[in-house]
Amino acid sequence: MLNSQCKPIFALFKINLNKKLEPLKSVADMKPGESAVISGFLDETLSVKLLEMGFLPGTAVRFNFTAPLGDPVCVSVSGYDLSLRVQEASTIVILN
Amino acid sequence: MAAKKIKVALAGKPNSGKSSLFNQLTGLNQKIGNFPGITVDKRTGLCHLSDQVQAEIIDLPGIYSLYPRTLDEKIVAEIFADQHGPHYPDCVVLVADATNLKNCMLLLTQLMDLRLPTVLALNMMDLAAQSGQSIDVQELSASLDVPVVMINARTGQGIQDLKKILAGPVKASSKPVFQIDEEIKPLVAQIRSRFRLTTDYEAYQYLQQTENLIFLSQADRDFITQLAKAEKFFPHKYQGAETVTRYGFIQDLLTKVTLKTSDPEWKKFSHRIDRVLTHKVWGYLIFLSVLFLIFQAIFAWAQIPMDFIDNSFAGLSNSLDRLFPEGPLFDLITQGIIPGIGGIVIFIPQIAILFACISILEESGYMARVVFLMDKIMRQFGLNGKSVVPLISGMACAIPAIMATRTIENWKDRLITIFVTPFMSCSARLPVFTILVALIIPEDKLFGFFNYQGLVLMGLYLLGFFAAIISAFILQFIIKTEERSYLIMEMPTYRKPKWANVGYTIVEKTKSFVFEAGKVILAISVVLWVLASYGPPEQMNQAEAVVLVQASKQTLTEAEIQDRVAAYKLEHSYAGIIGKGLEPMIAPLGYDWKIGIALVTSFAAREVFVSTIATIYSLGSTEDQTTIKTQLKSEINPQTGGPRYTTAVGLSLLVFYTFAMQCMSTLAVVKRETKGWKWPLIQLVYMTAVAYLSAFIIFQSLS
């Protein structure tokens, strides 16, 4: 079901759905100080907003730190710092 | 010769320095108005560009792209898409943060495709220079075919250049950026010809944002929706693709014009501050101290100017009273209107101080960190990280607190915060609380240490706090909205606040309170004054005769007779009649008609309860607590023969005043902030119901 929902987005960013080797990693799985490359999104509505804010597939994202209670998180992308909720971060798929 | 007048809109992302530029261009020639349908204030102002050209500058809500994320952002797409609308600009200034050009350019490329004449203002050039970044501005301007000016909106550098460019006609860029997908070109062509639009991209916006463009008639919107449905058009998919294409263009352009990229180390200082301010111990401690400071400022420091205002207006009222001859019209002026205006002006110190604090928090970049720290906790109650500041301020006064909710972007979060803030026990409740607590709670100490009266008082504050939190929790399931709650928020680099901007914020907030909420407050206070001073003439005129008859049996001083006349008049005024009419309704709470009158008059402000009680018990206009307390203690309830103010009655009243929306000024401010009477009325009914039920339960279970 997840596949059918996400197909248009994956298609948009040319992600091969047949190559399901390992579970997808998202920004929410990153550790402070870690960097990765954005590869796609899991939520269509949210992806439009994230793209506008500079979360572009192929660009680097750096995980800076989390809030004291673990949520939200602070990341650097496209040259500036942003905070987003863990739930939102988990929709950004990364490669590393 | 009359100067030519053009309309200039300021657009750009939040934190790009739009407001600073607006203040630089317009100075104090600012006007606050309303956009229809949304709650963002419309800030407009006049600016003298050259001898021939004058500009009306309009400051738009901060946005990243034409596709809105919040209800309030819709207005921007609407203004830019409606060529015949009243706000359609002749020219747009896109204010860009030069330290982070990439995100700012997205909107610029959209404006280019709409063929709107645009000037790119590169703001914060000082910071960009600090970061080591260097851009070939001429190349940038040539590649975009858009005039580019370097400005520093904080110091005013470059403003003259910007004015010069705006005065000469600005041409629209001839460079298209985004090509509409071949598949939907026929669709766009149909819309374009039907609405006779100048660009394909404008037609494309009609297609993308049909529901947001409220200037279109329902028939027109249906036409587009039908068309989109027939062609299986999915807005989101295309929006994503559009953004990716635009960023592709921007990236290429920036690679071409960037002479030197910024040194990644330049934000090190900001990051170092973050390590302390978002630390799990220090972060909260510092935030608590900041909150305490704000609270202290509006609770205690504001008291000095407030007392001054209070005394000045009382003095003015008295001296005019002596000057004017007697007569209903003069009474209306000296006792109705002047105190009414005083009742508005009295809030200015608190509003000014709170907004000074808030704008310092916003300007310095700390507010984003407050949200970062508090979001997880507040979200569980349907509130926003930014709700903390209004809620705490609400413990001093709900009026500035509710105005402070403006900083919450999400409409639902803001509405819930507005709705629950009046539950926080404000300083106007304190006089009511102290007199009633002193009356019914013994002065003993628990374990010889904790003062019972203090404990009860603290309990009342906690009660208000929990009422706010629980109501917020329930409301998040009741209020429905299409707007999704996001927290994708920029963490701006820390900087020193610009004091002029703080000043403009204070002026703006004070003005909008005085002229918008003020009208309602004045009207209601005059009505309340009339109710309490006038009654059916036959009884009001008898007042002195009746009292003199009573007095003849006792020996009373002149002052005592005056006090009795005042009490008699209040009893037989319209407010008295309403209070008596309320008696059957409030009897289950343990109140008599005298308390009923106090409930009516204290709708003006809660502390009026004390002065009304003093008048009605013939104590004159004393506010001396011991006198009132002694009098209330000796009051006998004729039905029981025992004291009138039993513990049950006292607690019932305390709980009632903790929960009830006994404040017309709050209602007036809620009306202004929500742009309508719907929410203040729901709030009034809800809070009164909660107050009534709680007081009922308390009284019935204790008596």
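Colleague: Leaving aside neighbours within four places in sequence, what is B:Lys42 in contact with?
Modeller: In this predicted model, B:Lys42 is in contact with B:Gly33, B:Asn34 and B:Phe35.

Colleague: Thanks! Which element does B:Lys42 lie in?
Modeller: B:Lys42 belongs to strand S3 of chain B, residues 41-48.

Colleague: And why does B:Lys42 count as partly exposed?
Modeller: Because B:Lys42 has 17 C-beta neighbours inside 10 Å; a residue needs 20 or more to be buried, and 12 or fewer to be exposed.

Colleague: How far apart are the C-alpha atoms of B:Lys42 and B:Ile58?
Modeller: They are separated by 7.4 Å, with the two residues 16 apart along the chain.

Colleague: Switching to the core: which residues touch the most other members of the largest nonpolar one?
Modeller: Those are B:Leu10, B:Leu94, B:Leu107 and B:Ala121, in a core of 215 residues. Helix H15 (residues 348-364) of chain B gives the most to this core, 9 residues. Domain 1 (4-167) and domain 2 (182-263) of chain B each supply at least three.

Colleague: What does B:Leu94 touch, not counting residues up to four places away in sequence?
Modeller: Its partners include B:Leu107 and B:Ala121, and also B:Ala11, B:Gly12 and B:Thr118.

Colleague: Zooming out, how many helices and strands are there in chain B?
Modeller: Chain B has 31 helices and 12 strands. Of its 703 residues, 45% count as buried.

Colleague: What about the box that the C-alpha atoms fill?
Modeller: For chain B, the box is roughly 100 × 65 × 55 Å along the principal axes. Among contacts in chain B with a separation of 6 or more, 72% join residues 24 or more positions apart.

Definitions and conventions: Residues are numbered from 1 along each chain as its sequence is written. Chains are lettered from A and ligands numbered from 1 in the order in which they are written. This is a predicted model: local features need pLDDT of at least 70, side-chain atom pairs count only at pLDDT 80 or more; totals for chains, interfaces and linings use all residues. Helices (H or I, at least four residues) and strands (E, at least two) are DSSP runs, numbered from the N terminus. Two residues are in contact if their C-beta atoms, placed from the backbone, lie within 7 Å. A nonpolar core is a set of buried Ala, Val, Leu, Ile, Met, Phe, Trp, Tyr and Cys residues joined through C-beta atoms within 7 Å. Domain bounds come from an automatic or database domain assignment.
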